[in-house]
Amino acid sequence: MEKSRAIQKLRGHRYLIGSVLISLLFVIAPVVGRRPAQAKDECPVRVTLLDVNDVYQFTPIDGGTRGGLARILTLRKQIMKESPNTLYLLAGDTISPSVESNTYKGKQMIDAWNLSGLDYATFGNHEFDFGPDVLKSRIAESNFKWLAANVVDKRTGKTFADTPEFVVREFDGVKIGFFGIVVQETLLTSRPGPNVDILDPCATAERVIPKIHAVGAKVIIALTHETIAEDKQLARCSGVDAIIGGHEHTLLQSVAGHAPIVKMDADARELGRVDLHISKRTGELESIDMQVIPVTQQIADDPAFIVLDRKYGELMRTLAVPVGRTAVELDVRSANVRTKETNMADFIADALRHAVGAEVALVNGGSIRADNVFQPSMLTKREVLSMLPFNSRIVKLQVTGATIKAALEHGVATAAEEVQPGRFPQVSGMTYSFDARRKPGDRVLSINVNGKPLDFSQTYTLATTNYLTVEHGDGYDMLGTNYLLRPEQGPVDSEVLLKAIAAAQVIAPKIDSRIKRIDTAASPERCN
Ligand SMILES: [Zn+2]
């Protein structure tokens, strides 16, 4: 209620100007032969936007209880009967990462979106994970339009893959403009290649919005994939009418400038609905209604999705095979595995250490994915693989105690500075404590290996992955090259995890305080 009142108030002055124009039209209309406005013209035009974001699988999630694009298609068709002017939007992140994408590189999602009748999508950071050429292939396969006004090809200065800078849609005589914005951090966290640049969102809006106005659209929607803080800034600097966003994997509803900003949870657990009421006479936005629709198992699948079962069903069925059971909740939320110990990160680090018979193990939190809490139940192969989707190989190294200290210091060196540092060290065979309020490089307060304080001059055997060693991922170069088991000889991490769960049949990992964080993970300096 607060939000709609605020919007009405902010719109008030425009409405007044609109009324003056309407009065003028009444005077002019008979002169130019136009019929005076009828009473029914008073009704604003309703345009419905349906939105999801960060959707990595088209099948349901959470043991089948939530999500599923076949259910959303059922909802979309129902809504279109009641509100024919409906557009379906995806606010980025769908091609990667997922278990299926290891095989199909996101093609399975494009097939699902084409079936869904998606209208527009913006790129998420993960759209570039397989490089710009794979993304171009996915764009070519899409029956919907991709929008990303701030993603440009450095060689031409034009938008990447010649995607439109904006689109304008007309419904019952009113026009709405849409443009897409992608988080600039993609340049560092994904693989857009040397020819792609991602420009400042506000500067981009400043470039694009006058062009949208020039073709007669007064209502402007930004379809974005960036942090909520960046969305709020965009709302303030651009004056857009609404932001449909993604990236956080969290249900968020905010207002900044005069624009509501909406984001759903990941994997289509909800469908967002935004009804825009636009004046027929002025083309201005009069009001907005918003709704969050839970996507549950009570909603039937649309039968159109059967073709996907024929195409991808075999892989899906292989992945649906139960591997073992968890008796407890398994915490693999990114916000946790990248900032502190969790029970499943412990289990994974233990499995990797045991697989190669090392004294200690170090795994970067960023390699543990799924970003979920698995409830006590059977675990499918898909669910287990989703926790380690990169298929890294385990290596075994001989290192000194001093190296272990340096590696842990490096691992926590951005614990206060970054929100979710991928380098954060999950460990096995050792315990450590740290205080991220201290200076980077001097944060680790104690380290114990096998119950004894770390001896800097002693050598230890360490299990880790090829990502942190040969691929120089996350900057752990201090680990060196003193291999006892080289990457080409080492087992694949996800296979090790599958075997560990299958061997145990039932797992119930507990946090055993191997990592003690003295400060709290939440950084109070961060502002929205
Ligand atoms: Zn994202």
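**Terms and the values behind them**

Guide: Leaving aside neighbours within four places in sequence, V215 is in contact with F166, V168 and K175. The model is a predicted one.

Visitor: Where does V215 lie, and why is it called partly exposed?
Guide: V215 belongs to the loop between α7 and β9.

Visitor: How far is V215 from V183 in sequence and in space?
Guide: The two are 32 residues apart in sequence, and their C-alpha atoms are 27 Å apart.

Visitor: How do you know that helix α7 has the span expected of it?
Guide: Helix α7 comprises residues 201-214, 14 residues in total. From first C-alpha to last it reaches 20 Å, close to the 20 Å expected at 1.5 Å a residue.

Visitor: Which residues of α7 are buried, and what do they pack against?
Guide: The buried residues are P201, C202, T204, A205, V208, I209 and I212. They pack against the strands β6 (167-171), β7 (174-182) and β9 (219-225), and against helix α8 (228-238). As a general point, an α-helix has 3.6 residues a turn, so residues three or four places apart point the same way.

Visitor: What makes helix α4 mostly covered?
Guide: Seven of the ten residues of α4 (residues 107-116) are buried. These are Q108, M109, I110, D111, A112, W113 and S116. Just after α4, G117 takes a positive phi of about 75°.

Visitor: Why is I79 called buried, and which residues is it in contact with?
Guide: I79, found in helix α2 (residues 69-82), has a relative accessible area of 6%. Buried means under 20%, so I79 is buried. Leaving aside neighbours within four places in sequence, I79 is in contact with T48, L50, T86, L271, R273 and I293. Between I79 and F305, 226 residues apart along the chain, the C-alpha separation is 18 Å.

Visitor: What is said of the phi of D93, and is D93 buried or exposed?
Guide: Phi of D93 is near 70°, a positive value in a residue other than glycine. D93 lies in the loop between β2 and α3. Its relative accessible area of 2% is set against the 20% limit, and D93 is therefore buried.

Visitor: Which peptide bond is cis, and where is P97 found?
Guide: The bond from S96 to P97 is cis, with omega near -10°. P97 is in the loop between β2 (86-90) and α3 (99-104). For context, most residues other than glycine have a negative phi, and most peptide bonds are trans.

Visitor: What is the phi of A370, and why is A370 called partly exposed?
Guide: Phi of A370 is near 80°, again positive in a residue other than glycine. A370 lies in the loop between β17 (360-364) and β18 (373-374). At 29% relative accessibility, A370 is between the 20% and 50% limits and so counts as partly exposed.

Visitor: Why does K439 count as exposed?
Guide: Exposed means over 50% relative accessible area; K439 has 65% and therefore qualifies. K439 is placed in the loop between β22 (430-434) and β23 (444-449). The C-alpha atoms of K439 and D153, 286 residues apart along the chain, are separated by 39 Å.

Visitor: How many helices and strands does the protein chain have, and why is the chain called as compact as a globular protein of that length?
Guide: The protein chain has 14 helices and 28 strands. Its radius of gyration is 26 Å, close to the 24 Å that the globule rule gives for 528 residues, so the description applies. The C-alpha trace spans about 95 × 50 × 45 Å along its principal axes.

Visitor: How much of the protein chain is buried?
Guide: Buried residues make up 54% of the 528 residues.

Note on methods. Residues numbered from 1 in each chain as written. Predicted model: local features only at pLDDT ≥ 70, side-chain atom pairs only at ≥ 80, totals over all residues. Heavy atoms only, no water. Helix = DSSP H or I, 4+ residues; strand = E, 2+ residues; numbered from the N terminus. Rg over C-alpha atoms; globule rule 2.2 N^0.38 Å. Buried < 20%, exposed > 50% of the residue type's maximum accessible area, 1.4 Å probe, protein only. Expected span 1.5 Å × (residues − 1). Contact = heavy atoms within 4.5 Å.
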